[in-house]
Amino acid sequence: MIKTNPFIGNDTDREQIWHMLVSRDIKAYCDADWSQVADDFIEEEFYAVNGNKNPDPGSWNLAFSTLSHYRDEWLKQAELAQRTEYAEPLEAAVHAATTLNHISIENGRAIARKQFKGAIKRADGQSDELLWQTLYYLKSTDTGWKICGFTGYLPYTE
């Protein structure tokens, strides 16, 4: 089931952030189409940290120092998903595993916590487990909210 944006009609900023990080991101990933999300980033400010699913920040590392490096890895993973035969619709399964309820906004900046908890059934009888969370760092611009960076693959917490 494709989730509905819980902020529609209640909070324009959070509605826009949720749409970007959930609806648009999942669809682009499932389509393996970077062009759908390319304008969601501030390229000159972008960086990303990999939490390695470890609670100790000492084990985290700078995963992407440029947006182009992130884009290349994103496309690699999305194309792998395209080649995988799933036993259920991929977009609906990713939506089912994704939650974005916490968005903190202050002075034109935001932190959004996107959580993944679920499994996507593959046609071979196995499953791809999703169990982590990501903190996105965002900035309000003249053209809307944009991603400056993120800390991803953090251990999942309730």
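The expected span of a helix is 1.5 Å times one less than its number of residues. The model shown in these views is predicted.

**View 1. Helix α2 and its span.** α2 has 17 residues. From first C-alpha to last, α2 reaches 24 Å, close to the 24 Å expected at 1.5 Å a residue.

View 2. Leu67, Tyr70, Trp74, Ala78 and Ala81 of α2 are buried. Seen down the helix axis, the buried residues of α2 fall within an arc of 60°, so they line one face of the helix. They pack against α1, β2 (61-64), α3 and β6. Lys76 and Arg83 lie on the other side of α2 and are exposed.

**View 3. The crossing of α1 and α2.** The axes of these two helices come within 7 Å. They cross at roughly 65°. That makes α1 roughly perpendicular to α2. From α1, the contact is made by Asp25, Ala28, Tyr29, Cys30 and Asp31. From α2, Trp74, Gln77, Ala78, Ala81 and Gln82 take part.

**View 4. The largest nonpolar core.** This core has 39 residues. Phe46, Tyr70 and Leu138 have the most contacts inside it. Two or more residues each come from α1 (12-31), α2 (67-83), α3 (90-97), β3 (98-106), β4 (109-121), β5 (127-141) and β6 (144-154). α1 gives the most, with eight residues. In soluble globular proteins, nonpolar side chains tend to be buried together.

**View 5. Surroundings of Leu138.** Neighbours within four places in sequence are left aside here. Leu138 is in contact with Ile17, Met20 and Leu21, among others. Its contacts also include Gly108, Arg109, Ala110 and Ala112. Trp145, Lys146, Ile147 and Cys148 are in contact with Leu138 too.

**View 6. Thr134 in strand β5.** Thr134 has its place in β5. Its relative accessibility is 5%, so Thr134 counts as buried, the cut-off being under 20%.

**View 7. Gly149 in strand β6.** Gly149 has its place in β6. At 0% relative accessibility, Gly149 counts as buried. Leaving aside neighbours within four places in sequence, Gly149 is in contact with Phe46, Tyr47, Leu135, Tyr136 and Tyr137. Gly149 and Phe64 are 85 residues apart in sequence. Their C-alpha atoms are 9.2 Å apart in space.

Conventions
Residues are numbered from 1 along each chain as its sequence is written. This is a predicted model: local features need pLDDT of at least 70, side-chain atom pairs count only at pLDDT 80 or more; totals for chains, interfaces and linings use all residues. Side-chain values use heavy atoms; hydrogens and water are left out. A nonpolar core is a set of buried Ala, Val, Leu, Ile, Met, Phe, Trp, Tyr and Cys residues joined through side-chain atoms within 4.5 Å. Buried means under 20% relative accessible area, exposed over 50%, partly exposed in between (1.4 Å probe, protein chains only). Helices (H or I, at least four residues) and strands (E, at least two) are DSSP runs, numbered from the N terminus. Contact means heavy atoms within 4.5 Å. The arc is that of the directions from the helix axis to the C-beta atoms. Axes are lines fitted to C-alpha atoms, for helices over the stretch in contact, and angles run from 0 to 180 degrees between N-to-C directions. Angles under 35 degrees count as roughly parallel, over 145 as roughly antiparallel, 65 to 115 as roughly perpendicular and the rest as oblique.
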